[in-house]
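Thanks for coming, everyone. Let me put the structure up, and then we will walk through it.

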Amino acid sequence: MVAPPDNDVLWARALHFSHSGSPALTGVSLGVREGEILAVTGPRGAGKTTLLQCLSGQLLPDRGGEVWFNSAPVHTMGALVRERLRRDRFGWIDPEPVLVPELNVWENTALPLMLRGTGRRPAKTAAHEWLDRLDVGQLARKRPHTLTMAERQRVAIARALVHAPDVVFADEPTATLHRADRAHVLRTLTAAARSHAITVVLATHDSEVSALADRTVSLLDGRRVTTVHLPAGPADPNDPKDPKETEGRAACSVSV
Ligand SMILES: Nc1ncnc2c1ncn2[C@@H]1O[C@H](COP(=O)(O)OP(=O)(O)OP(=O)(O)O)[C@@H](O)[C@H]1O
């Protein structure tokens with residue numbers, strides 16, 4: 001086992017993973033530098049979510065693949081140690097915000113702090129600070145079901161950042177939002193991460209989203225590829241806006 005370069009906060013080598021025998025990652029290696037915003041792009045089913053799950057220690061890679069976080073081998077850690085690592089050092093943002101319906105907005109936001117033993121008062125103060133930064137401070141006492149999807153996603157982002165994690169994994173964080181909300185939410189996330197030197201690994205198949213990143217890694221069929229952009233244009237003349245078709249074209253890539 002060779003330790004990763006010092007300036008990579010995350011480093012992965014030869015990641016393979018199959019879901020019930022069906023391959024999702026087939027030999028992906030990459031490094032993530034401290035403080036960078038790295039976009040992981042690719043069409044549906046390319047392996048983006050599986051890659052984020054392996055990098056964050058939710059899944060263990062098959063066939064001897066390695067994941068290192070700050071020079072610690074995540075792939076050899078037991079389940080409890082990985083759980084603690086995720087709780088204390090990582091944040092996670094899902095495509096659809098998953099909030100606890102019985103808790104109000106600030107309690108939802110403060111959860112990562114309270115889970116690791118921070119007192120209610122300091123946890124509440126930190127939650128309020130992050131909610132203000134994400135422009136949803138006025139909603140602190142509301143229940144999740146009274147919020148719009150965009151508001152809920154801001155709360156989920158505040159929750160992912162509240163404990164000042166080293167790395168935030170964002171899996172299609174704007175997938176369920178309208179275009180205007182998408183840009184705003186994303187700019188807020190990237191600005192907040194940059195101002196606090198938090199590394200972000202952002203899975204997306206939206207080129208506008210990846211434009212906000214420092215660097216992009218593209219996946220196709222579970223492998224890293226170099227993307228070749230083909231001229232836009234629908235193949236199906238009856239459906240010029242077919243999103244699947246647009247996505248398919250954007251995905252035409254050359255394997256490296
Ligand atoms: N829990 C699962 N069980 C079985 N197959 C799965 C599971 N999760 C993912 N897969 C399969 O693994 C492959 C990679 O999926 P993954 O979700 O990692 O890709 P993705 O790029 O994130 O796709 P999307 O943009 O649709 O989220 C796909 O073929 C998918 O169908």
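**Around the ligand**

Start with the shell around the ligand: by class, three residues are nonpolar, nine are polar and two are charged. Here Ala, Val, Leu, Ile, Met, Phe, Trp, Tyr, Cys and Pro count as nonpolar, Asp, Glu, Lys and Arg as charged, and the others, Gly among them, as polar. A caution: this is a predicted model, where local features need pLDDT of at least 70, side-chain atom pairs count only at pLDDT 80 or more, and totals for chains, interfaces and linings use all residues. Residues are numbered from 1 along each chain as its sequence is written.

Back to the ligand. The surrounding residues number 14, and the closest are His19, Ala24, Lys48, Thr49 and Thr50. A residue counts as near if its C-beta atom, placed from the backbone, lies within 6 Å of the molecule. The largest share, three residues, is from α1.

Now the whole protein. It has eight helices and 11 strands. These are DSSP runs, numbered from the N terminus: helices are H or I, at least four residues, and strands are E, at least two.

Next, helix α3, residues 105-115. Which of its residues are buried? They are Val105, Trp106, Asn108, Thr109, Ala110, Pro112 and Leu113. Buried means that 20 or more other C-beta atoms, placed from the backbone, lie within 10 Å of the residue's own. These buried residues pack against α2 (79-89), α4 (120-133) and α5 (149-161). After α3 comes Gly117, with a positive phi near 95°.

Definitions and conventions
Buried ≥ 20, exposed ≤ 12 C-beta atoms within 10 Å, placed from the backbone. Contact = placed C-beta atoms within 7 Å.
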